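Please open the model in your viewer and keep the selection tool at hand. The stops below are meant to be visited in order.

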Amino acid sequence: MNNPELLGQYMIDAGNEFGPGTAYGNALIKCGETQKRIGTADRELIQTSAINFLTPLRNFTDGDYKTIAKERKLLQNKRLDLDAAKTRLKKAKVAEARAVQLNTSQPEENNIMVNVSYMLNLLHVKWLKIWAEEVTKSEQEVRITQSEFDRQAEITRLLLEGISSTHAHHLRCLNDFVEAQMTYYAQCYQYMLDLQKQLGSFPSTFLSNNNQSSSTPVPSVSAPSVLASASASLPSVSNSVVTSGFSELKSSSGNRKARVLYDYDAANSSELSLLADEVITVYSIPGMDSDWLMGERGNQKGKVPITYLELLN
C-alpha cells in the first residue's frame, strides 16, 4: 500500500471505531475512501510513467547511448592515429629534402678541415636518409589510418542520424507522461470536490460540550470554515509542544536522546526516515526551521520533524 492508501485505511479504521452512525465517524470513513481512491490513482500514475517514459528512457541510456558514446570515442582515437601518421610523414619528407641538399654540395677547398667537415656531413646525410626511407612507409600508414578514420566516421554519422528518430520517440513518451500527470491531478481534484460536497451535506450545527443547556444552539459553521479554523489552530498547538520540550535544546549546542513516536518517511535526501519506538540522537544547528531538528542514527543523519519525537531524560 502506498501512503495515501495507508492513510485512507487508518481513517476508515478510526471512523469505524468512532461509529459509522456518528457524523464524525461517517466523515472519517468518507475521507478514508477518498484517500484510497487517490492512492489508486497514484499507483496508476507510477505504472503508466514507468511503462511509457522511464523504461524507454532507461533502455536508451543503457543501450543506444552507450553504443554511440563508445563509437564516438573510437572515432576520436582514429583521428589521433591519423594525425600522428601525418606528422611522421611530414618529418620523413623534411629529412629526405635535407639529404638531397647535402648530397649535391661538394667541398671547394682541399684541406683537412674541409674534408673532415664533409665526412661529418656524409655521416649526417646517412642518418637523415634513415628518415627519408620512412617516407614510403609513412605514406602507406597515412592511407591506412585515413581509411580507418573514414570508415569510423561513417559509422558514427549513421548512429547520430538515428538520434533524430530516437528523440522523436522520446518526445512522444514525454507527452504521454505529461498527459498521465494531467489525468492524475484532474482525478484527485474531482475526488476532493466530491468529498467536499459530501462533507457539506453533514449537519452544520453542533451542541457545545460544556454545561450549557442542550437547547442552546451553537452558531452554524460550514465545513470549509471548520477545516480552515482547525488548520489555523494547529500551529499554535504545535508551537506550545515545541516550547515545552525542545526550546532548551534549540538554544543550546548540545544533543539529546529522543524516542520516535510514529513512523516517518523522508521526503528527500536531506531528511532522515524514522521508525516508531526507536531512539535517536537529536540536536539543533543555526538557521534550522523551528519545527525541525537534526537526527542521527549510527552513520545516518538528516532533518527530522519534532512532532514525531519525544525527548528522553
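Two strands pair if DSSP finds at least two bridges between them, and strands (E, at least two residues) are, like helices (H or I, at least four residues), DSSP runs numbered from the N terminus. This is a predicted model, in which local features need pLDDT of at least 70 and side-chain atom pairs count only at pLDDT 80 or more, while totals for chains, interfaces and linings use all residues. Residues are numbered from 1 along each chain as its sequence is written, and side-chain values use heavy atoms, with hydrogens and water left out.

Next, select strand E3 (residues 292-297) together with E4, which pair in the antiparallel sense over six bridges. Within this pairing, glycine 295 stands opposite glycine 302 in E4. The hairpin of E3 and E4 has two residues between the strands, and glycine 298 takes a positive phi near 65 degrees there.

Stay here and show the side chains of tryptophan 292 and lysine 303: the lysine lies over the face of the tryptophan, at 5.3 Å from the ring centre, where a charge sits over a ring if NZ of Lys or CZ of Arg is within 6 Å of the ring centre and within 35 degrees of the ring normal.

Now turn to the aromatic rings. Rings of Phe, Tyr and Trp (its six-membered ring) pair if their centres lie within 6.5 Å, and planes under 30 degrees apart count as stacked, over 60 as edge-to-face and the rest as tilted. By this rule the count comes to six aromatic pairs. Select phenylalanine 53 and phenylalanine 177, whose ring centres are 5.2 Å apart with planes at 25 degrees, so this pair is stacked. Phenylalanine 53 lies in helix H2 (residues 23-104) and phenylalanine 177 in helix H4 (residues 134-200), so the pair ties together parts that are 124 residues apart in sequence. Phenylalanine 177 is partly exposed, at a relative accessible area of 22%, where buried means under 20%, exposed over 50% and partly exposed in between (1.4 Å probe, protein chains only).

For the last stop, select tyrosine 262 and tyrosine 308, an edge-to-face pair with 5.7 Å centre to centre and 85 degrees between the planes. Tyrosine 262 is partly exposed at 48% relative accessibility, and tyrosine 308 is partly exposed at 24%.
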